[in-house]
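Please examine the model shown here, together with its sequence. The explanation is meant to be read alongside both.

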Amino acid sequence: MPSAPLGQIREPARSVDVIRRTDVLVVGSGPAGLAAALAAARAGVEVTLVERFGCLGGNLTAVGVEGMAWYRREQTVDAGGIAREFEDRAAAMGAAVPESQSLSQEIDSEGFKVVADVLVEEAGVHPMLHRLVVAPVLDGDALTGVITESKAGREAILARRIIDASGDADIAHRAGVPTRLTPPEEMLAASVMFHLSGVAKRAFLDGIQADPQTYADWAGQESGWQIETTGAEDGLFSPFLGKPFARAIEAGVIPADLTTIGGTWGAIHDTGELTYLNLIHLEHIDGTDPDSLTRGEIAGRRQALHAIEALRRFTPGCERARLRNFGMTIGIRDTRKVACRYDLTEQDVRGQARFEDTIGIYPQFIDGYGVLVLPLTGRYFQLPYRNLLPRGGSRGLLVAGRSTGGDRIAHAATRNMSCCAVLGQGAGVAAALSVRAGRDLDDIDIVAVQAELTRQGVRIR
């Protein structure tokens with residue numbers, strides 16, 4: 001919980017300069033926000049993209065999550081569109097390699113910073129980095145802009161339509177839209193991602209081949225996790241690392257209480273880099289509480305050093321490994337959910353839900369809250385436009401990404417980066433066509449939205 005206030009001060013009233021007016025303003029440039037901005041610009045309107053860090057990409061770059069579609073198998077049915085374009089463009093620009101366990105690309109988190117820059121420039125999106133959005137601008141019940149803070153001070157950006165792709169529903173929440181914050185004790189664990197250099201590739205891969213791990217090992221004795229699968233996943237190869245940390249605890253190399261260290265590696269390069277180490281899982285970290293985030297960042301980095309020592313001792317090829325870098329910020333999976341016109345349910349994501357207002361599809365891939373279901377059979381569900389529309393509060397606002405409405409198991413599906421990109425592309429097209437037609441977001445021509453999404457390469461049914 002946030003610290004209790006020690007008193008109050010009163011800020012003086014002040015005027016804030018309006019530094020930009022735009023058709024569509026997207027707040028947050030993760031997979032959802034970046035897709036939304038590109039889609040809106042390609043649909044023919046002026047788009048501004050605001051980001052608090054110095055790069056675009058969110059989880060892909062700032063956090064260091066490089067596996068965008070590690071679920072993809074031969075039978076998987078995907079939406080395509082910008083979500084797939086991220087992978088393909090990164091590969092074409094030398095910023096991706098084939099992913100180790102799936103038919104997808106492992107996107108280089110550093111290289112994708114440049115890929116995102118190029119995509120935005122080509123689409124004509126106006127990027128505004130290093131600006132933190134701190135407040136909405138309201139005109140009655142209409143959201144008309146945002147206030148930002150930066151080295152330039154306090155500034156205002158006004159827009160005809162706004163897309164909240166902050167991940168934490170920051171704009172929606174501050175504008176009075178009904179939201180639900182998951183209690184910290186129920187939140188999915190946060191992670192501090194890191195990358196290594198100095199790994200002997202051949203020795204590492206020989207060790208993996210000598211003792212290959214499967215998805216069943218996620219729920220093995222070394223992990224201590226309880227994972228529900230369909231059973232079909234259990235025998236498939238997974239780049240899972242658990243045994244080195246169990247051995248390190250037994251040998252007294254790392255503290256006995258660090259039983260949550262374990263997880264997956266991403267790619268091993270000829271240069272000796274072992275990337276996207278998703279090994280640190282921190283419970284009860286609230287991504288909306290800066291004190292909680294501070295604790296998580298510090299604890300995560302400390303645990304990562306323990307993990308590296310365990311890898312050096314007990315993983316072939318890692319004897320001379322050294323830390324290359326951490327992600328720029330901790331990875332958060334779960335905070336606020338917006339109450340939307342339609343909130344997705346567990347039955348929807350497990351039962352191949354179909355909707356007349358579909359804006360895209362997503363394979364039956366569920367990862368979270370102790371459930372792992374991979375899309376091995378071609379099953380998929382549709383994502384409704386109503387899932388982007390807040391149920392109450394401000395007009396002129398759409399929500400895209402992991403904060404759209406849904407229950408726990410629905411969130412375990414839609415929180416994934418590739419689904420966030422599908423939601424973002426739908427939001428971007430809807431916002432653009434709303435501006436062009438002069439119609440409110442809740443009165444939009446959904447057939448026109450679907451036609452534009454199809455033109456942009458999205459499978460909607």
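This is a predicted model: local features need pLDDT of at least 70, side-chain atom pairs count only at pLDDT 80 or more; totals for chains, interfaces and linings use all residues.

Residues are numbered from 1 along each chain as its sequence is written, and side-chain values use heavy atoms, with hydrogens and water left out.

Helices (H or I, at least four residues) and strands (E, at least two) are taken as DSSP runs, numbered from the N terminus. Strand β2 covers residues 47–50; Val47 and Leu49 point one way from it, Thr48 and Val50 point the other way, and all are buried. Buried denotes under 20% relative accessible area, exposed over 50%, and partly exposed in between, with a 1.4 Å probe and protein chains only. Two strands count as paired if DSSP finds at least two bridges between them. Strand β1 (residues 17–27) pairs with β2 in the parallel sense over four bridges, and in this pairing Leu25 stands opposite Thr48. Strand β2 also pairs with β5 in the parallel sense, over three bridges. There, Thr48 stands opposite His126.

Elsewhere, four strands form an open antiparallel sheet in the order β13-β14-β10-β15. Its edge strands are β13 (267–268) and β15 (322–326), each of which pairs on one side only. Strand β10 (residues 194–197) runs antiparallel to β15 and is joined to it by four bridges; His195 stands opposite Asn325 in β15. Helix α7 (residues 290–314) packs on this sheet and touches β10 and β15, its direction making about 35° with that of β10. Contact requires heavy atoms within 4.5 Å. Axes are lines fitted to C-alpha atoms, for helices over the stretch in contact, and angles between N-to-C directions run from 0 to 180 degrees.

Rolling a probe the size of a water molecule over the atoms shows where empty space is left. On a 1 Å grid over the protein atoms alone, a cavity is a set of points where a 1.4 Å probe fits but cannot get out, and its lining residues have an atom within 4 Å of a point. Grid points are joined across faces, edges and corners, and a volume is the space filled by probe spheres set on the points. The count by this rule is two cavities of 30 Å³ or more.

The largest cavity has a volume of about 60 Å³. Helices α2 (81–92) and α10 (417–437) each supply at least two residues of its lining, and α2 gives the largest share, three residues. The lining comprises five nonpolar, two polar and four charged residues. In this classification Ala, Val, Leu, Ile, Met, Phe, Trp, Tyr, Cys and Pro are nonpolar, Asp, Glu, Lys and Arg are charged, and the others, Gly among them, are polar. The second largest cavity holds about 30 Å³ of space. Its lining includes Val192, Met193, Glu297 and Arg301.

Two loop residues complete the account. His130, in the loop between β5 (126–128) and β6 (132–139), has phi near 60°, a positive value in a residue other than glycine. His130 counts as exposed because its relative accessibility is 54%. Gln352 lies in the loop between α8 (346–350) and β17 (358–363), and its phi, near 55°, is likewise positive in a residue other than glycine. At 26% relative accessibility, Gln352 counts as partly exposed.

Conventions
On a 1 Å grid over the protein atoms alone, a cavity is a set of points where a 1.4 Å probe fits but cannot get out, and a pocket is an open set with protein on both sides within 12 Å along at least five of seven lines; lining residues have an atom within 4 Å of a point.
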